[in-house]
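Subject: Structure handover

Hi,

Here is the structure for you to look over. My notes follow below it.

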Amino acid sequence: MRKASVIFIILILSVCNFPIFSQKIDVAVDRKPVSELFDMIEHLSGYRIYCIPQQMDTLIVSVHAVQMEPAEILRKALIKTSFQVTEFEKLLFILSDKTLITSLSDKIYNKEVAFSDTTDYTSNFLLEQQREQRATSEFKVYEVGNPAIMVPGKKIDLHGYIYDSKTGEPVPGVSVSVDNTHVATMTDGYGYYMLNLEPGRYDISIQGAGQKETKRHVQLYTEGRLDIQSIEKEHTLKEIIIQGDRRDNIRQTTIGIERLKMQEIKNIPTAFGEADIMKIIMSLPGVKAVGEVSSGFNVRGGATDQNLILYNDATIYNPTHLFGLFSAFNPDIVRDMELYKSSIPAKYGGRISSVLEINSREGNKKEFKGSASLGLLTSRLTLEGPVAKDKSSFILGGRATYSDWILKKLPEKSGYRDGNAGFYDLNATITHMFDARNSIYVNGYYSQDRFRFEETELYKYRNANASVKWRHIFTPKVTGVFVLGYDHYDYKTENTTDASMHYALKFAINQMFGKADFNWFLNDNHTFNFGINTLSYNLEPGDYRPLGDGSLVVHDRIQQEKALESAVYFGDQWNITPQLSVDLGIRYSIYNVLGPRKYNLYDPNSLPSLATISETKDEPGGVLKTYHGPEFRASARYAFSGDLSVKAGVNTMRQYIHKISNTSIMSPTDTWKLTDMNIKPQKGIQIAAGLYKNFAGNTVEASLETYYKAMNDYLDYRNGAQLLMNHHIETDVLTTKGRAYGVELMFKKTQGKLNGWISYSYSRTQLRQDDKRIPIPVNKGNWYSADFDKPHEFKFIGNYKFTHRYSLSLNCEYTTGRPITLPVSKYEYVGGQYVYYSDRNKYRVPDYFRMDMSFNIEPSHHLTLLTHSTITFGVYNLTGRKNAHSVYYKSENGVIKGYKLSIFGSPIPYVSYNIKF
């Protein structure tokens with residue numbers, strides 16, 4: 001009878017899920033993260049452990065236990081901390097400075113307090129912990145939401161952030177997909193993701209550039225938040241570069257977009273061994289370098305001023321240092337970049353060719369770190385770390401050059417041996433997360449260049465930008481970003497050749513801007529983005545002053561130009577079916593010319609000139625003229641399968657600011673001109689289509705894109721045009737039409753010992769003057785090649801990994817020579833000799849070819865070392881080819897002789913040493 005009673009009691013307790021016998025296990029952990037101890041206990045005992053991850057994710061513990069209960073093991077491991085362990089059935093709860101109440105208060109039964117007020121009880125505690133938990137393990141099932149109020153079949157939101165496990169920084173551009181479904185998304189620029197799912201059990205895959213491919217197992221009950229901690233990829237011999245989800249190029253609706261992260265481009269060889277963002281951009285299909293060393297680039301037939309370059313939301317007008325040898329962006333600070341060649345999102349405007357968006361890192365939120373680099377021409381230092389652990393961080397970066405020595409090595413006949421050149425730039429970013437819904441970002445950037453080729457000429461230019469950004473999550477479905485900022489660019493030239501003509505010439509542009517961008521995830525089918533932005537221009541077009549007391553130069557200053565550019569936009573990413581998606585957007589831009597302003601009105605039937613002025617006005621202020629109009633954006637994607645899709649898109653753009661220059665490159669002495677009463681805004685439209693196919697398990701990406709672009713009111717210049725200190729520039733410019741078309745073929749290998757990309761492009765860019773008021777248009781009014789028209793272009797970027805530490809990188813580029821105008825004959829007229837030139841840009845310089853190579857030694861994998869170093873040896877222009885940048889002519893003994901000018905006509909070896917601590 002006694003035996004039957006014992007068996008009955010055991011059965012009753014088992015049904016009630018009460019532990020009968022203590023479950024004892026063996027555990028041995030030595031200086032490991034507490035999360036590893038949790039995983040071990042859960043695996044061996046079947047217990048579930050709940051805690052607040054933000055309080056414990058950096059805790060290191062040691063414990064050795066033989067046949068001990070799980071709760072006692074945890075208490076032993078946490079004995080020197082303030083954490084308390086509470087056991088409830090087979091659940092273990094860890095709280096700081098408090099224990100968990102595991103039974104209801106007697107007041108509940110006496111009706112002295114409402115149940116909704118008992119916030120300390122188990123169900124509410126579990127819900128709160130699930131709301132804040134961070135998923136760190138691939139072996140746990142993370143419960144999200146409250147099973148008591150679950151509604152089967154009703155779609156709910158799972159949202160959160162992807163964080164880097166080492167730095168605590170959010171990881172943008174990571175693919176988050178649900179296995180065995182069509183549900184997938186990418187983290188935004190702040191590492192935030194959103195999935196719309198029915199309650200149930202899911203396996204979620206996370207894949208990102210430089211991050212280990214991982215999964216998280218989720219039991220979803222009701223709406224909730226799950227932050228996921230990713231781990232940086234430790235490259236094996238067979239895996240070097242992981243580029244997001246390898247199906248993103250198939251899934252995305254956008255066409256003509258290139259995304260790059262610094263991990264992917266650090267080993268690409270460039271001149272003098274520094275990872276150069278601008279040079280990498282120029283290695284992409286559809287992007288052409290203006291010259292061997294230049295700061296400008298052309299995207300699908302657009303001019304250099306038709307590219308909007310944004311750095312942390314701020315506009316950069318001159319993106320390079322030292323004549324174009326180095327980009328203006330410190331590679332240790334940059335996190336990632338996106339180049340939109342077409343399918344430009346509706347939130348961007350102001351340029352008609354492309355948008356290059358560059359974002360900096362936020363800084364390590366867990367521990368202080370630093371890095372330094374020493375090269376032949378530059379050195380840089382970066383410091384980063386937490387201000388408040390896991391909440392606030394900073395990152396500071398500085399870079400400087402000591403390049404004067406290279407000018408001393410030039411031939412004496414070059415005239416540059418007595419010159420000097422240098423630059424420096426500074427970056428600073430501070431971020432702070434107030435709570436899960438509010439974050440603030442403060443960014444600052446400053447750079448300065450100075451150089452002189454001769455003792456009597458000095459050039460300087462500066463970029464300065466500052467911004468404050470607030471990001472707010474209104475609901476898991478609705479997020480907003482609000483930005484206020486300031487941009488500045490100026491240049492100054494000084495000439496002291498002739499004492500009586502010493503002068504200084506200045507130009508400056510100042511901008512204040514504000515943005516409010518919103519993203520609303522309505523459901524699986526619709527994601528809306530909308531917002532408003534405004535930009536206030538204040539230009540100093542030219543200030544010409546005497547330099548020194550003996551100068552006879554007369555002070556001259558062009559009047560200030562002010563304007564206000566504003567826009568509202570709305571976009572919808574519409575998933576019609578799993579195979580068919582469209583992205584629709586409209587942007588309405590408004591541009592106001594502001595006074596005070598003095599300007600001329602001209603006879604509309606004649607080209608503007610001093611002889612055709614009909615009226616001169618002097619307005620005291622206010623809005624003098626308004627330009628406005630819609631800009632349409634549309635793209636569509638149809639996926640035949642998981643590795644094959646087609647896309648098409650169209651976008652129209654408006655541009656209200658123009659670069660004034662007599663060269664095709666971007667020069668520090670370029671000035672910018674705002675649209676006004678006589679200068680119209682540029683307009684452009686681009687139509688593009690593409691075919692995308694992945695091979696070999698999505699490790700090889702192939703794409704074929706074609707496009708056609710039309711441009712109106714592009715500025716060209718009359719013969720003998722005066723561009724500097726011109727008070728009425730409209731009398732020296734001509735409005736021109738442009739067209740560009742081409743085909744781009746690209747193969748990209750993202751994994752394996754050998755990785756990189758190879759591309760071929762055929763493209764044409766042509767201009768035409770068809771204004772009936774022009775008496776003698778260029779090429780008789782027919783289409784002619786633009787200065788940057790280079791039809792054929794072949795590019796190869798490759799990296800071969802021998803071992804964990806050693807790799808070889810190769811960069812090859814071939815392009816058709818750029819167009820030039822040649823003298824074809826000479827003639828005599830009224831006793832003088834004159835040269836007769838061909839049609840504009842009828843001939844070409846010889847084709848361009850260059851090969852670069854580097855050998856890279858990566859850091860060792862000894863984690864106990866205080867520092868890790870990287871060394872790169874390389875050669876720029878390995879074959880020593882003398883590529884002709886331009887052709888110039890000299891008259892020698894009555895004979896006109898032509899000469900080719902080469903920038904780098906010999907191999908340039910370099911070495912770069914980097915250290916991290």
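Which residue forms a salt bridge with Asp179? The partner is Lys215, and the closest N and O atoms are 2.4 Å apart. The pair links distant parts of the chain, 36 residues apart. Asp179 lies in the loop between strand E9 (175–178) and E10, whereas Lys215 is in strand E13 (residues 214–220). A salt bridge here is a side-chain nitrogen of Lys or Arg within 4 Å of a carboxyl oxygen of Asp or Glu. Helices (H or I, at least four residues) and strands (E, at least two) are DSSP runs, numbered from the N terminus.

Before the rest, the ground rules. This is a predicted model: local features need pLDDT of at least 70, side-chain atom pairs count only at pLDDT 80 or more, and totals for chains, interfaces and linings use all residues. Residues are numbered from 1 along each chain as its sequence is written, and side-chain values use heavy atoms, with hydrogens and water left out.

Salt bridges

The structure holds 41 salt bridges. Back to the pair above: Asp179 is partly exposed, at 23% relative accessibility. Lys215 is also partly exposed, with a relative accessible area of 34%. The cut-offs are under 20% relative accessible area for buried, over 50% for exposed, and partly exposed in between (1.4 Å probe, protein chains only).

Asp313 forms a salt bridge with Lys469, closest N and O atoms 3.0 Å apart. These two are 156 residues apart in the chain. Asp313 sits in the loop between strand E19 (307–311) and strand E20 (314–315); Lys469 is in strand E30 (residues 457–475). Both residues are buried.

Arg380 forms a salt bridge with Asp332, at 2.7 Å between the closest N and O atoms. Arg380 is in strand E26 (residues 378–388), and Asp332 is in the loop between strand E22 (326–327) and strand E23 (334–340), 48 residues apart. Arg380 counts as buried because its relative accessibility is 9%.

Salt bridges that share partners join Glu258, Arg300, Lys341, Glu705 and Glu744.

Thr187

Look at the loop between strand E10 (184–186) and strand E11 (192–197): Thr187 is there. Thr187 counts as buried, at 5% relative accessibility. Its side chain reaches the backbone oxygen of Val171 at 2.9 Å. The Thr187 side chain also reaches the backbone nitrogen of Val174, at 2.8 Å. Not counting residues up to four places away in sequence, Thr187 touches (heavy atoms within 4.5 Å) several residues, including Ile162, Pro172, Tyr192 and Tyr193.

Best wishes

Terms used: Polar contact = N/O pair within 3.5 Å; in protein donor to acceptor, adjacent residues only side chain to side chain.
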